[in-house]
Amino acid sequence: MEAWLADFVNGFTKAFITGDRWKLYLKGLGTTLEITVIALVIGVVLGVLVAVIRTAHDQQRPGRCSPVLGILNFICKIYTTVIRGTPMMVQLLIWSGVIFATSRNFTMVGALGVGVNSGAYVAEIVRGGLMSVDVGQSEAGRSLGLGYLDTMRFIVIPQAFKNILPALGNEFITLFKDTSLVSAIGGAELIYYAKAVGTKTFDVMYPYIGIACMYLAVVMVLTWLQGKLERRLRQSDRR
Amino acid sequence: MIDVKHLSKSFGDHLVLDDLSEHISPGEKVVVIGPSGSGKSTFLRCLNLLETPSAGTITFDGMEITAPKADIDAIRRQMGMVFQHFNLFPNMTIRKNITLAPVRTGLMKQEEAEAEAEKLLRRVDLLEKADAYPAQLSGGQKQRIAIVRALAMRPKLMLFDEPTSALDPEMVGEVLEVMKELADEGMTMVVVTHEMGFAREVGTRVLFMDGGHILEQNEPHAFFADPKEPRTKEFLSKVL
């Protein structure tokens, strides 16, 4: 028992304390969170845009199909099909090796790749949410003379958002963990530093279990935040 | 005020409205009755283009609203609509439900709309609910709010789509009361309803629809006392 404890202290010290290595993990975690936030913004903006275009296209009054909307809808469909039909790893390799082959800013390229990937999933979640809102709600909005976009913005999207929050939270947690793939294209995030430390100390156990705990801790914070937000949005349900 | 010419509407192969023409003058209270599936709700919903007519034209105050270039939002601002299932916005307080459209469409400033909302709420005796959410109200209260929400846009015409059909019986009265007051003030109204008492008392004209046609119409007393068509007689014998 004592030998084991000594081993643990030794391994832990080597992995986290010696040479202020904990600072590396913090730096990595910072990059991971940075990628997450940028990817999140890209994902949400793309997702909502695609969802609104696709819903608007499907909800056109018969006989009044706008050709512009038709083209946009077609582009959106290709986007979701390609993104959902290929592994994210392959997409990241294409972003860094083909599209931005000359860029050295792996963090931003990675964030872009993860964000564009997430957008396709967010789009489907949001689209489901928009369709879940009773059609009477948008009819009421339109019958008051509000335009399509105002009706969406003030009436449909807020209600849809409440309905999709659990699914969206799930997607964000997945996205946060998926940022680990960015290490494969050279992004200096959490995994990158854990590997570096492991290579230096010839012991990967402590760094890897260490970052697993860090991911877990962040996910638990995100879950807690999600629960809090859900409770707040339920405000209008109280009787 | 509204001129409907040769209006037809079909959903797929199913013809719901069959070459219907009708004229509604300012101040009229037109009550539309008929069996379910007769097309009366579809007729009403065509009047503000919630349903797009398959054929025919509708003219409102000289504007052809079925024209492809018509500004449908601007036209809808002048027509209030009250739905069977209220369709209040559950994510907003009552106050916000009422003020949203007048403010967003530029009809009123925020303070102006708030004052108007309070005036209207006082009128239906629900001022104390201004900051409540729709989920906290009874069905009758919700429908009174829905009427007030439509009135806040100062419409020239009010459309009612079975406004009391989703209500508990003891709440029907309070909603009809508000509609009666509105009628007495001279509002032009088109009401789809199963409330024959209301049709008789408030209506200036009753339309009986069946199978996508207006089979018979008359001033209410004559309509109920002396229906002409056999189909009308049969319907009235069942509901009265």
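Me: How many helices and strands are there in chain A?

Reply: Helices and strands here are DSSP runs, numbered from the N terminus: a helix is H or I with at least four residues, a strand is E with at least two. Chain A has nine helices and zero strands, and its elements run α-α-α-α-α-α-α-α-α from the N terminus on. The radius of gyration of chain A is 22 Å, well over the 18 Å that the globule rule gives for 239 residues, so chain A is more spread out than a compact globule. That radius is taken over C-alpha atoms, and the rule is 2.2 Å times the number of residues to the power 0.38. Along the principal axes, the C-alpha trace of chain A spans about 75 × 50 × 25 Å.

Me: Before we go on, what should I know about the model itself?

Reply: This is a predicted model, in which local features need pLDDT of at least 70 and side-chain atom pairs count only at pLDDT 80 or more, while totals for chains, interfaces and linings use all residues. Residues are numbered from 1 along each chain as its sequence is written, chains are lettered from A and ligands numbered from 1 in the order in which they are written, and side-chain values use heavy atoms, with hydrogens and water left out.

Me: What share of the residues in chain A is buried?

Reply: Take the cut-offs to begin with: buried means under 20% relative accessible area, exposed over 50%, and partly exposed in between, with a 1.4 Å probe and protein chains only. Buried residues make up 43% of the 239 in chain A. Ile185(A) counts as buried because its relative accessibility is 7%.

Me: Which residues is Ile185(A) in contact with?

Reply: Contact means heavy atoms within 4.5 Å. Leaving aside neighbours within four places in sequence, Ile185(A) is in contact with Leu92(A), Leu93(A), Ser96(A), Phe106(A), Val109(A) and Gly110(A). For chain A as a whole, take the contacts between residues at least 6 apart in sequence: 75% of these join residues at least 24 apart.

Me: Now the rings. How many aromatic pairs are there over all chains?

Reply: Rings of Phe, Tyr and Trp (its six-membered ring) pair if their centres lie within 6.5 Å; planes under 30 degrees apart count as stacked, over 60 as edge-to-face and the rest as tilted. A search of the whole structure finds 10 such pairs. One of them joins Phe12(A) and Phe16(A), a tilted pair at 4.9 Å centre to centre with 40° between the planes. Both lie in helix H1 (residues 2-17) of chain A, four residues apart, about one turn of the helix. Phe12(A) is partly exposed at 37% relative accessible area, whereas Phe16(A) is buried at 10%. By contrast, Trp95(A) and Phe100(A) are stacked, because their ring centres are 6.0 Å apart and their planes are at 10°. Trp95(A) is buried at 17%, and Phe100(A) is partly exposed at 32%.

Me: Which residues do ring pairs link into a cluster?

Reply: The cluster is made up of Trp4(A), Phe8(A), Phe12(A), Phe16(A), Tyr25(A) and Tyr206(A).

Me: And where does a charged end sit over a ring in chain B?

Reply: The test is NZ of Lys or CZ of Arg within 6 Å of the ring centre and within 35 degrees of the ring normal. The charged end of Arg149(B) sits over the ring of Phe89(B), 4.4 Å from its centre. Likewise, Arg200(B) lies over the face of Phe224(B), at 4.8 Å from the ring centre.

Me: In what order do the four strands of the open sheet in chain B come?

Reply: Strands of a sheet pair through backbone hydrogen bonds, either parallel or antiparallel. Here, two strands pair if DSSP finds at least two bridges between them. The order in chain B is S2-S1-S4-S5, with antiparallel pairing. Strand S2 (14-24) and strand S5 (63-64) stand at the edges with a single partner strand each, so one side of each is left without a neighbour in the sheet. Strand S1 (residues 2-11) and strand S4 (residues 55-60) of chain B are joined by five bridges, and Lys5(B) stands opposite Thr57(B) in S4(B).
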